[in-house]
Amino acid sequence: MPIGTFEVKQKSSECAARSGKLVTAHGSITTPVFMPVGTQATVKTVSSEELRLVGSQIILSNAYHLYLRPGMEIMEAAGGLHKFMSWDKPILTDSGGFQIFSLATLRRINSEGVEFRSHIDGSKHFFTPEKAVEVQRKIGSDIMMCFDECTPYPCTHDYADRSMKLSLEWALRCKKAFMEGSPLYGHEQLLFAIVQGSVFRDLRRESAERTVEIDFPGYAIGGLSVGEPKEEILSALDVVTPLLPESKPRYAMGIGMPEDLWECVERGVDMFDCVMPTRNGRNGQAFTSRGKVNIKNAEYLRDFGPLDPECGCPTCKGYSRAYLNHLFRAQEILVLRLLTLHNLYFMIKLADTIRTSIESDSFLKAKKEFLNKYGV
Ligand SMILES: [Zn+2]
């Protein structure tokens with residue numbers, strides 16, 4: 001099947017949940033899929049071999065971070081990100097829009113692009129939609145994202161309106177730059193667009209409709225998880241996903257926690273990324289089938305059972321809660337890797353469980369069972 005093909009395999013008879021398959025130059029991805037976040041060309045603490053071991057189908061990296069460090073000269077000399085980090089499966093890159101608006105300082109935005117200072121050394125840079133495409137060509141990601149303004153929350157309707165229209169204009173320019181350019185490393189790349197509009201239903205609707213008119217092989221819902229209440233996230237998805245084409249993958253950016261995956265899939269979302277499994281893991285928090293576990297707690301000092309008896313990950317197969325608790329207290333870095341591996345495995349298996357439940361048309365029942373046990 002041609003690269004970029006998205007095949008819906010099974011649709012739920014009870015809600016908008018669906019399972020599918022997306023074809024990329026580095027292999028097919030079955031959906032719903034959870035994408036581990038490897039911002040700086042590494043999913044923190046774990047190697048590419050370990051990512052394969054926990055079943056990761058695709059990872060996410062970031063154009064802003066890689067552009068600043070190591071820089072595109074080194075990226076090109078390495079032959080692209082796949083070779084650089086020894087990862088031969090699909091990679092999706094965020095365009096840098098979100099990071100420029102959340103990390104960089106002294107931003108000056110005009111219709112042309114954004115001037116900003118690096119959060120690393122204060123150096124001055126100018127990003128445009130064309131530049132974001134060029135950077136992602138040099139990275140060689142399988143899925144590139146359009147450059148957009150990630151609308152802050154809260155903001156006025158007027159601001160969100162202008163911001164959404166700017167992102168639309170930039171999406172057009174990204175597509176033009178994408179069509180006029182070509183891949184650098186011999187494999188085809190895809191360009192996905194991002195729907196904005198903050199918490200305003202009319203703006204979300206307009207953004208979705210006009211972005212779809214430009215026509216992309218996949219659509220993300222952006223500007224979510226930026227501080228707004230969870231109901232606002234779900235309500236934005238309720239507005240947007242029915243307006244997106246059935247035959248294209250949908251990606252909820254920056255989402256989610258285990259419970260969020262169910263809510264989003266129910267509304268027709270196929271792809272997710274979130275730093276929580278890895279970041280929380282490094283802080284001692286594990287997701288388990290019976291809810292969150294904080295391994296630092298004294299109750300685990302003498303608990304010689306596995307982190308999650310229902311989990312088949314390398315951590316749960318080999319190590320006890322007592323051992324993980326000890327490593328954390330002794331500040332041994334091994335614990336960061338063991339908890340990260342477990343949390344990644346948990347999220348990846350959760351996406352598998354969700355997919356299986358769609359394929360046996362028992363999504364809502366499986367959702368209820370999971371949430372009851374997980375304790376949300
Ligand atoms: Zn585990």
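Analyst: Helices (H or I, at least four residues) and strands (E, at least two) are DSSP runs, numbered from the N terminus. The model is predicted, so local features need pLDDT of at least 70 and side-chain atom pairs count only at pLDDT 80 or more, while totals for chains, interfaces and linings use all residues. Residues are numbered from 1 along each chain as its sequence is written, and side-chain values use heavy atoms, with hydrogens and water left out.

The metal is a zinc ion, coordinated through the SG atoms of Cys311, Cys313 and Cys316 and the ND1 atom of His342, at 2.1 to 2.3 Å. A donor here is an N, O or S atom within 2.8 Å of the metal (3.2 Å for Na, K and Ca); water is not among the atoms, so sites may look incomplete. The angles among the four donor atoms of the zinc ion run from 100 to 115°, and the site is tetrahedral, a label given to four donors if all angles lie between 85 and 135 degrees. Along the sequence, the spacing of the donor residues is C-x1-C-x2-C-x25-H. Cys316 belongs to helix 12 (residues 314-318) and His342 to helix 14 (residues 334-359), so this pair ties together parts that are 26 residues apart in sequence.

How accessible are these ligands? Three of them can be described, with buried meaning under 20% relative accessible area, exposed over 50%, and partly exposed in between (1.4 Å probe, protein chains only). His342 is buried, at a relative accessible area of 0%. Cys316 is buried at 8%, and Cys311 is buried at 12%. Cys311 sits in the loop between strand 16 (291-294) and helix 12. Once neighbours within four places in sequence are set aside, Cys311 is in contact (heavy atoms within 4.5 Å) with Cys316, His342 and Tyr345. Cys311 and Tyr345 are 34 residues apart along the chain, and their C-alpha atoms are separated by 8.3 Å.

Side chains of opposite charge can pair when their charged atoms come close. The side chain of Arg337 forms such a bridge with that of Glu50, at 2.6 Å from N to O. Arg337 lies in helix 14 and Glu50 in helix 1 (residues 48-53), so this bridge ties together parts that are 287 residues apart in sequence. Arg337 is partly exposed, with a relative accessible area of 34%, while Glu50 is buried at 14%. Lys349 bridges to Asp352, with the closest N and O atoms 3.8 Å apart. Lys349 and Asp352 are three residues apart in helix 14, which puts about one helical turn between them. Lys349 is partly exposed at 35%.

Past the end of helix 14, Asp361 lies in the loop between that helix and helix 15 (363-374). Asp361 has a positive phi of about 50° although it is not a glycine, and it counts as partly exposed at 31% relative accessibility. Most residues other than glycine have a negative phi, and most peptide bonds are trans. Ser198 is also not a glycine and has a positive phi of about 50°. Its place is the loop between strand 11 (190-195) and helix 8 (201-214), where Ser198 counts as buried at 8%. As for peptide bonds, the one from Thr31 to Pro32 is cis, with omega near 0°, and Pro32 lies in the loop between strand 3 (27-31) and strand 4 (33-35). A cis bond also joins Ile255 and Gly256, with omega about 25°.

For the whole protein, there are 15 helices and 16 strands and 31 salt bridges. Among the salt bridges is a network linking Lys11, Arg18, Glu246, Arg250 and Asp270. Of the 376 residues, 56% count as buried. Of the contacts between residues at least 6 apart in sequence, 67% join residues at least 24 apart. The C-alpha atoms fill a box of roughly 60 × 50 × 45 Å along the principal axes.

Definitions and conventions:
Four donors count as tetrahedral if all angles lie between 85 and 135 degrees; four count as square planar and six as octahedral if opposite donors are over 155 degrees apart and all others between 65 and 115; anything else is irregular. A salt bridge is a side-chain nitrogen of Lys or Arg within 4 Å of a carboxyl oxygen of Asp or Glu.
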